[in-house]
Amino acid sequence: MNLPNKLTLTRILLVPVFMIFVSLGQYITPSYNPRYYLIAGLIFAVASFTDFLDGHLARKWNMVTDFGKFADPLADKLLTTVAFIYMMRDGVCSPVVLCIILAREFAVSGLRMVAAGAKDGKVIAANMWGKVKTVLQMLTIIFYYFTVSLTGNVLGQQCADIASVLCWAVAAVTAISGIKYLWDNRSFINTAK
């Protein structure tokens, strides 16, 4: 297994670690502990950096593999979806936002699986909107976990409100990226049997 794929697996393994720390203290409850959210934010930031690094190294060293093409977007979806679920628990992310994110991911992943299982085994790469969507999702999550942990009771609620607005921006970009992805691959959808 090459280094980019190991980084992708590391990102997947960091998801439960992130979950442990964010579960230890729920924001705006008596059990809230800002240190746990800061650690969760740091774990998420490190995991997000591996997303950039594994793709960069795979392309630079010509180590792009079928496993990486499958596991990299899976790792991104696991990481960001889990974080948004916890943000929904905290009242920051609307269930509508999460539904838009999940609908887009199911639609795109479904199309990718059909394409991979086709006779010629086509791999449909992510488009620029998909990359923008992922970066915006990751930045929104990092913003939330870092700011509420560092500002505490002083500005924590204002930061959570900003994160809530950012979640709606994520929903809009996510919807656009999904529609664009399906539109760009409509010829494959029409010919798939």
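## About the model

Residues are numbered from 1 along each chain as its sequence is written, and side-chain values use heavy atoms, with hydrogens and water left out. Because this is a predicted model, local features need pLDDT of at least 70 and side-chain atom pairs count only at pLDDT 80 or more, while totals for chains, interfaces and linings use all residues.

## Salt bridges

Let's start with the charged pairs. The structure holds nine salt bridges, each being a side-chain nitrogen of Lys or Arg within 4 Å of a carboxyl oxygen of Asp or Glu. One of them joins the side chains of Asp72 and Arg11, with N to O at 2.5 Å. This pair links distant parts of the chain, as Asp72 lies in helix 3 (residues 66–89) and Arg11 in helix 1 (residues 3–24), 61 residues apart. Helices (H or I, at least four residues) are DSSP runs, numbered from the N terminus. Arg11 is buried, with a relative accessible area of 0%; buried means under 20% relative accessible area, exposed over 50%, and partly exposed in between (1.4 Å probe, protein chains only).

Glu105 and Lys77 form another salt bridge, at 3.3 Å from N to O. Here too distant parts of the chain are linked: Glu105 sits in helix 4 (residues 95–117) and Lys77 in helix 3, 28 residues apart. Glu105 is buried at 6% relative accessibility, and Lys77 is buried at 15%. Asp184 is partly exposed at 36% relative accessibility, and Lys180 is partly exposed at 34%. Salt bridges that share partners also join Arg11, Asp51, Asp54, Asp72 and Asp76 into one network.

## Helix 4

The 23 residues of helix 4 should span 33 Å at 1.5 Å a residue, and its end C-alpha atoms are 32 Å apart, which agrees. The expected span is 1.5 Å times one less than the number of residues. The buried residues of helix 4 include Val97, Leu98, Ile101, Arg104 and Glu105.

## Ser149 in helix 5

Ser149 is placed in helix 5 and is buried, at 10% relative accessibility. Its side chain reaches two backbone oxygens: that of Tyr145 at 2.8 Å and that of Phe146 at 2.9 Å. Not counting residues up to four places away in sequence, Ser149 touches Tyr32, Pro34, Tyr37 and Leu38; contact means heavy atoms within 4.5 Å.

## Nonpolar cores

A nonpolar core is a set of buried Ala, Val, Leu, Ile, Met, Phe, Trp, Tyr and Cys residues joined through side-chain atoms within 4.5 Å. The largest has 34 residues, and those with the most contacts inside it are Phe18, Phe84, Met87, Tyr144 and Tyr145. Helix 1, helix 2 (34–60), helix 3, helix 4 and helix 5 each supply at least two residues of this core. Helix 5 provides the largest share, twelve residues.

Leaving aside neighbours within four places in sequence, Tyr144 is in contact with Tyr27, Tyr37, Met87, Asp90, Val92, Ala160 and Ala163. There is also a second, separate core of six residues, among them Val108, Ala115, Tyr181 and Phe188.

Methods. Polar contact = N/O pair within 3.5 Å; in protein donor to acceptor, adjacent residues only side chain to side chain.
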